[in-house]
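Thanks for coming. I will go through one structure and pick out a few local features. Please have the sequence and the model open.

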Amino acid sequence: MLDGSASPDTDSGSDSTADPDIPGGAAGAESPAAASAAESGPEDLGAGRGPSWLDAWIAAHAHHVLAWRRHIHAHPELSRAEHETTAFLAEQLTRAGLRPRTLPGGTGLVCEIGPRTHQPQRTVALRADIDALPLTEDTGLEFASTVEGTAHACGHDAHTTILLGTALALASAPHLSGRVRLIFQHAEEVMPGGALDVLAAGGLDGVERIFGLHCDPRLPVGRVGTKIGPLTSASDLLELSLNSPGGHTSRPHLTGDLVHALGTVITGLPELLSRRVDSRTGTVLAWGAVHAGEAPNAIPQDGLVRGTLRTGNRDTWAELGPLVHELVQGLLAPLGVGYDLQHRRGVPPVVNDTVSTHLLRAGVSAALGEHALAETPQSSGGEDFGWYLEHVPGSFGRLGVSSKEDDGFADLHQPSFDLDERALLVGIRTMVHAALSALNDSE
């Protein structure tokens with residue numbers, strides 16, 4: 001098992017006097033924007049709610065939290081290439097007296113905090129994703145991405161910063177009643193995702209529950225959305241390659257009309273799925289790419305269509321593979337074209353456990369007050385946190401990141417996406433209190 005653990009001669013696992021900062025070594029030099037951010041921190045919307053050691057840590061390190069986020073935002077890295085981000089996190093955790101362990105693939109890491117004894121310890125896990133998207137940022141921020149074609153347009157820079165702050169805040173606690181495992185996961189934005197690598201490396205061995213947060217631009221800063229049961233949808237990739245002898249468009253009867261066959265599948269498969277799958281499951285097939293031919297008077301020999309297949313129901317997800325193959329075969333059989341269908345199972349739905357969600361809600365209330373709790377609907381988006389919930393119970397929440405004065409919002413995965421940085425401290429308080437609620441739970 002990957003055991004990134006605290007020093008054995010401390011109770012909570014850290015030297016609370018350590019001064020975390022932006023390193024100039026493996027993770028890259030400090031940017032001017034990050035340096036200026038270090039002069040002040042965001043407003044703490046939960047100030048004074050305790051515990052006292054958390055209030056003290058945030059008061060002392062809010063400016064570091066802001067600088068971390070801006071540094072990570074300016075230096076994004078794509079999935080399974082998060083080497084500098086991993087090195088940056090490892091340096092910060094090590095400076096605080098912790099012992100992070102890099103995952104076998106070389107990116108992402110695991111670290112534990114809490115008492116080290118020979119007696120069994122309740123262990124809860126907290127997870128953040130660290131990778132960026134292949135997008136060009138268009139925010140105009142002083143600390144915008146310095147990497148062409150790569151940007152933190154999904155808020156993973158905030159997730160990473162929040163978990164780093166949570167780790168160091170928990171490490172300053174005078175006592176923890178169990179252990180907290182921090183999972184800084186790589187490669188959330190690709191399929192198969194990094195959660196499977198974490199599981200293969202034993203990242204959840206001995207864990208009782210797991211919690212996570214994701215930025216939500218539809219919620220105002222200071223609110224956290226929770227939901228018992230399905231929160232996201234399963235998400236798979238479909239790739240259909242067609243082949244034909246090709247021919248002249250004046251004589252389609254002499255060949256397999258490949259473009260017509262593509263159109264038949266593009267329109268027919270979603271329609272047939274709507275008649276074969278219960279509509280209450282939220283099953284949706286949408287195509288995102290299609291390629292075939294060049295000349296208007298030539299029937300091409302090759303064609304390709306790609307899309308995503310999503311469902312909000314775990315049982316339906318297990319049945320979709322054989323059904324899709326059956327329907328594609330039926331659509332193409334009369335058309336005289338060959339095909340190769342690749343159905344790549346992606347991620348299961350995130351299905352929040354009832355007890356874990358109550359614990360997360362208790363954490364939000366303790367961190368910010370009951371007014372901070374918000375209901376949140378199930379979405380059709382995919383999130384590989386769902387793989388963790390196939391192994392242990394847990395709950396995934398949505399962190400409000402929109403400024404209350406905003407009339408609109410830039411959605412996730414848009415080049416203009418940004419967030420209200422007050423959400424960083426809200427996230428730290430929420431994750432700390434979720435961990436404490438789970439460690440102290442008497443059930």
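Where is Pro192 found? Pro192 sits in the loop between strand S4 (179–185) and helix H5 (194–200). Keep in mind that this is a predicted model.

Most residues other than glycine have a negative phi, and most peptide bonds are trans. The bond from Met191 to Pro192 is cis, with omega near -5°. Ala187 is in the loop between S4 and H5 as well, and its phi is positive, about 55°. Ala187 has a relative accessible area of 0%, so it is buried.

Now to another cis bond. Gly50 and Pro51 are joined by a cis peptide bond, with omega about -5°. Pro51 belongs to the loop between helix H1 (32–37) and H2. In the loop between H2 and helix H3 (83–95) we find Arg80, whose phi is positive, near 65°. Arg80 counts as partly exposed, because its relative accessibility is 38%.

Next, helix packing. Helix H2 (residues 52–74) packs against helix H4 (residues 156–171) at about 150°, and their axes are 9 Å apart. Angles over 145 degrees count as roughly antiparallel, so that is the term for H2 and H4. Their crossing is right-handed. The residues of this contact are eleven nonpolar, four polar and two charged. Among those in H2 are Trp53, Trp57 and Trp68, and among those in H4 are Leu164, Leu168 and Leu170.

Leu170 comes up again in the largest nonpolar core, which has 63 residues. Leu170, Leu93, Leu126 and Phe184 have the most contacts inside that core. Helix H10 (residues 422–439) supplies its largest share, twelve residues.

Definitions and conventions:
Residues are numbered from 1 along each chain as its sequence is written. This is a predicted model: local features need pLDDT of at least 70, side-chain atom pairs count only at pLDDT 80 or more; totals for chains, interfaces and linings use all residues. Side-chain values use heavy atoms; hydrogens and water are left out. Axes are lines fitted to C-alpha atoms, for helices over the stretch in contact, and angles run from 0 to 180 degrees between N-to-C directions. Helices (H or I, at least four residues) and strands (E, at least two) are DSSP runs, numbered from the N terminus. Angles under 35 degrees count as roughly parallel, over 145 as roughly antiparallel, 65 to 115 as roughly perpendicular and the rest as oblique. A crossing is left-handed if the near helix is turned anticlockwise from the far one by less than a right angle, and right-handed if clockwise. Contact means heavy atoms within 4.5 Å. Ala, Val, Leu, Ile, Met, Phe, Trp, Tyr, Cys and Pro count as nonpolar, Asp, Glu, Lys and Arg as charged, and the others, Gly among them, as polar. A nonpolar core is a set of buried Ala, Val, Leu, Ile, Met, Phe, Trp, Tyr and Cys residues joined through side-chain atoms within 4.5 Å. Buried means under 20% relative accessible area, exposed over 50%, partly exposed in between (1.4 Å probe, protein chains only).
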